[in-house]
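Please read this briefing with the sequence and the 3D view side by side. The points are grouped by topic.

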Amino acid sequence: MRERPTALPLEKAALRVAVIAPALIIAALGGCTSTVRPGLDRRPIAITEPLDGSSRARLAYATSESASCQAWLAAAAVPFRPVADQIQSETCRVIAAGTLQNDGVRYAPPRPMMTCPLAAAVSLWRRQAVDAAALEIFGARVTQIDHLGVYACRPVNNTPGARPSAHARASAMDIAGVRLSDGRRISVKAHWSDGAAAEGRFLRRIRDGACQVFQTTLSPDYNLAHADHLHLELGEGRICR
């Protein structure tokens, strides 16, 4: 019986090393190749930039760390006052949050508490979607954002046993409507149903704008639970409805 060769010919051995070595190097360096999570766009984004298909990913990267988020808000002249961390339960906790202050546009109720990335997202959306739509459709400025709250220690849809809501982390905001400089008040509950009217077109415009900023945007088109507000949420997944 012939003996099996104890070693590869020199050429084959060299080829094998050439193929395997880079793979071993990549595996060894693994986490050193990049510290950025996949899907995040590292290009800077300013609050003065119109929204486009890259806005959500670019803002997510710009606000992914607490220090960089605070710096983004400061550069955008968004008044945000940090608050102490609040831990109500295992699933209800607010970390590195603050209150969004009046910056020429009021929030009602005032000074809503939210995470820094949510404050950045709300501010960008308001400047580039809400303000722009109000000027184009009504020729008026936005003076107030009416909301139904941000932080709430509860499960999704208040359903017992459901996963914790993003509201339990102060990472979602429910928008009820806006008030304009001409005295007009536009509410999701009163005006969504008539999509042909100016108010209905305005609400759909700001909903579509929110979809370019937030991971989850839910309107009355989603279900009856959202008949009176737009749910704007940061987090995992992607829903625009």
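In this predicted model, the second largest pocket has a volume of about 390 Å³. Its lining consists of 22 residues, and Val156, Asn157, Leu218, His226 and His231 are the ones that lie nearest the pocket's centre. Strand 10 (216–218) and strand 11 (230–233) are the elements that give two or more residues to this lining.

**The protein as a whole**

- The protein has six helices and 12 strands.
- Of its 241 residues, 41% are buried.
- Among contacts between residues at least 6 apart in sequence, 54% join residues that are at least 24 apart.

**The largest nonpolar core**

- Nonpolar side chains tend to be buried together in soluble globular proteins.
- The largest nonpolar core here has 52 residues, and those touching the most other members are Trp72, Met114, Trp125, Phe202 and Phe214.
- Helix 4 (residues 116–138) gives the most to this core, with 13 residues.

**Helix 4**

- How far apart should the ends of helix 4 be, given its 23 residues? At 1.5 Å a residue the helix should span 33 Å, and its end C-alpha atoms are 31 Å apart, so the two values agree.
- Helix 4 has a kink of about 40°, centred on arginine 126.
- Is helix 4 mostly covered or mostly uncovered? It is mostly covered, since 17 of its 23 residues are buried.

- Valine 130 lies in helix 4. Its relative accessibility is 0%, so valine 130 counts as buried.
- Not counting residues up to four places away in sequence, valine 130 touches Trp125, Val142, Ile145, Val178, Phe202 and Ile206.
- Valine 130 and alanine 210 are 80 residues apart along the chain, and their C-alpha atoms are separated by 9.1 Å.
- Alanine 133 is also found in helix 4. With a relative accessible area of 1%, under the 20% cut-off, alanine 133 is buried.
- Leaving aside neighbours within four places in sequence, the contacts of alanine 133 are Phe138, Phe202, Arg205 and Ile206.
- The C-alpha atoms of alanine 133 and isoleucine 206 are separated by 7.1 Å, although these residues are 73 apart along the chain.

**Helix 6**

- Helix 6 (residues 198–211) has 14 residues and reaches 20 Å from its first C-alpha to its last, close to the 20 Å expected at 1.5 Å a residue.
- Which residues of helix 6 are buried? They are Glu199, Gly200, Phe202, Leu203, Ile206, Arg207, Gly209, Ala210 and Cys211.

**Cysteine 240**

- Cysteine 240 has its place in strand 12 (residues 239–240).
- Its relative accessibility is 40%, so cysteine 240 counts as partly exposed.
- Leaving aside neighbours within four places in sequence, cysteine 240 is in contact with Cys211 and Thr217.
- Cysteine 240 and alanine 210 are 30 residues apart in sequence, and their C-alpha atoms are 8.5 Å apart in space.

**Backbone points in the loops**

- The peptide bond from alanine 108 to proline 109 is cis, with omega near 0°. Proline 109 is in the loop between strand 5 (106–108) and strand 6 (113–115).
- Alanine 96 is not a glycine, yet its phi is positive, near 55°. It sits in the loop between strand 3 (93–94) and strand 4 (97–100).
- Is alanine 96 buried or partly exposed? Alanine 96 is partly exposed, with a relative accessible area of 35%.
- Alanine 170 likewise has a positive phi, of about 55°, although it is not a glycine. Its place is the loop between strand 7 (142–149) and strand 8 (172–180).
- The relative accessibility of alanine 170 is 0%, so this residue counts as buried.

Terms used. Residues numbered from 1 in each chain as written. Predicted model: local features only at pLDDT ≥ 70, side-chain atom pairs only at ≥ 80, totals over all residues. Heavy atoms only, no water. Core = buried A, V, L, I, M, F, W, Y, C linked by side-chain atoms within 4.5 Å. Buried < 20%, exposed > 50% of the residue type's maximum accessible area, 1.4 Å probe, protein only. Helix = DSSP H or I, 4+ residues; strand = E, 2+ residues; numbered from the N terminus. Expected span 1.5 Å × (residues − 1). Bend = angle between axes of the 7 residues up to and from the residue. 1 Å grid on protein atoms, 1.4 Å probe; cavity = no way out; pocket = protein on both sides within 12 Å on 5 of 7 lines; lining within 4 Å. Points joined across faces, edges and corners; volume = space filled by probe spheres on them. Contact = heavy atoms within 4.5 Å.
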